[in-house]
Amino acid sequence: MTPNEVAVLDYGGQYCQLIVRRVRELGFASHLYAPERLAELNRPGAIILGGGPRSTSDADAPDVDFAKLMSFGVPVLGICYGMQLLNIKHGGTVRPGVTREYGPAKLVVADAECPMFQGVSRESQVWMSHSDTCQDRSGGTKVAATNEDGVPVALQWSPTCFGIQFHPEVTHSHEGTSILRNFLTHTGAKLAKFDIQAFKARMLEQIKLDVGSREVICGVSGGVDSTVLAVLLQRAGVKVRALYIDTGLMRLNETPEVKAQFEEVGVPIEVVDASERFLAALKGVTDPEQKRKIIGNLFIDVFWSAAGEKVQLLAQGTLYPDVIESATSGSIASKIKTHHNRVDRIMELKAQGKVLEPLAELFKDEVRALGQSLGIPHRALWRHPFPGPGLAVRVPGEITPEKLAICRAADDIWIKELRRSGEYDRVWQAYAALLPVKTVGVKGDERSYEAAISLRAVISEDAMTADWVELPFDVLRAASNKILNTVKGVNRVLYDISTKPPASIEWE
Ligand code: XMP
């Protein structure tokens, strides 16, 4: 850990990672820790106990080693579950609420002298997500703020120990950032700074040290993470081999465009054209899981045979959220991208100290900021995510070169229309899928019996949930007209208005 960083204890709340992000946005170093790791913390500058889904009255409710927590002598803030836990530790009690309070609520500042609320409006909107409340408090506890019914939602136990029931880290808490900033800057905390320029300088030095004269190999796709990774390695002045596998399931002109994108930033890539192998392996296969398995396994084989037996160092674009998941739930995070990485081979390399993960400290938006400071063009940094199995998950049923060509042409028109209309950057991910149905239409004076295209455009935070985008009709109309008029074999265009859940973002 960085000395004097803000340590956030993860009680399983959906916003815990967001607290870390907000603290960093405010310019201070921060990491997330499982509560059991409190004793391992080395000179934290402040400690935040995050929210969690449990009730403090549950038999196996997660706890905090209060004596240890206080022994650091640094400012402490409990948010939601964290506040309830601190209230109990200070001799108060927590009662189950009659109803669950979820959503916007009014914050009324009761103690304008409280350092947490300096400069905060007397009344503002905050975001609540809890059912228990801190009804009984020990003597000496100050109520710093209440909700509009007078129920305490912010407590102060000492000059440096606070609790808030609401979530300052979400944007629905209108003055949440000020409240969090106050905690970090008005309570006497001595905090380490976080800024991407300093991070970059440190990273470049570290990479030089770690790599020495060895050759580093990395897989690149043209996506944000692998692009930033490859450019970072190149800027560190180490020997890099960037491998790009063309699966034949790429979008229109994708391979030459990715090649040009890398040339522009000064990192030549090695293109491995395995498209024929992929198409041959997928011949006659219609089951989605089967398709994924074939593509995943073949990708691994192609990558490692191109990499060769004697890999000196492998660089991966692992980000902080992947590391956190595996650290706190001890779990399945490593499985997420198993189809891209031969896990056992990577594990072997890891055990030998041959895996480099320079982005593992960063969130996605920080990777973009780093990319920008490395001079990577906006277009590359804001490219929509593209799935490893490529167009195979956007052409349900058997994959054929003809179907891929139709899907590519329609997708290209759709994406260009989104760019032309300025909607591309507002959308998190967009694509065209070729549906496995033929529909009747009329073209000229004749009956047609041709394919249907489904257009999709979604917004999402982390791909776990997604909503379709209410695009202007003229954008939809322009794309539809162009597809119907120019893509051979298509006589119908649909716009997918399914949320995830229950749908997924991709078709398969
Ligand atoms: P779904 O369809 O599951 O997609 O809602 C969620 C996000 O993940 C991407 N996706 C993948 N990415 N390999 C990847 O690297 C995959 O196998 C894969 N499957 C889906 C999808 O494009 C969306 O952004």
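## Exercises on a predicted protein chain

Buried residues (under 20% relative accessible area with a 1.4 Å probe, protein chains only; exposed is over 50%, partly exposed in between) make up 53% of the 508 residues in the protein chain. This is a predicted model, where local features need pLDDT of at least 70, side-chain atom pairs count only at pLDDT 80 or more, and totals for chains, interfaces and linings use all residues. Residues are numbered from 1 along each chain as its sequence is written, and side-chain values use heavy atoms, with hydrogens and water left out.

**Exercise 1.** Find how the radius of gyration of the protein chain compares with that of a compact globule.

*Solution.* Step one: take the radius over C-alpha atoms, and for the globule use 2.2 Å times the number of residues to the power 0.38. Step two: for 508 residues a compact globule would come out near 23 Å. Step three: the chain has 26 Å, which agrees. For the overall extent, the C-alpha trace spans about 85 × 60 × 40 Å along its principal axes.

**Exercise 2.** Check the span of helix 14 and say what covers its buried residues.

*Solution.* Start with the terms: helices (H or I, at least four residues) and strands (E, at least two) are DSSP runs numbered from the N terminus. The expected span of a helix is 1.5 Å times one less than its number of residues. Helix 14 (residues 401-420) has 20 residues and should therefore span 28 Å; its end C-alpha atoms are 28 Å apart, which agrees. Next, look inward: its buried residues include Leu404, Ile406, Trp414 and Leu418. Among the elements covering the buried residues of helix 14 are helix 8 (275-282), strand 15 (429-443) and helix 15 (473-486). Finally, go past the end of helix 14 to Gly422, whose phi is positive, near 80 degrees.

**Exercise 3.** Is Leu180 buried or exposed, and which residues does Leu180 contact?

*Solution.* First place Leu180: this residue lies in helix 4 (residues 176-185). Its relative accessibility is 2%, so Leu180 counts as buried. Then leave aside neighbours within four places in sequence: Leu180 is in contact (heavy atoms within 4.5 Å) with Arg22, Leu26, Ile48, Leu77 and Pro168.
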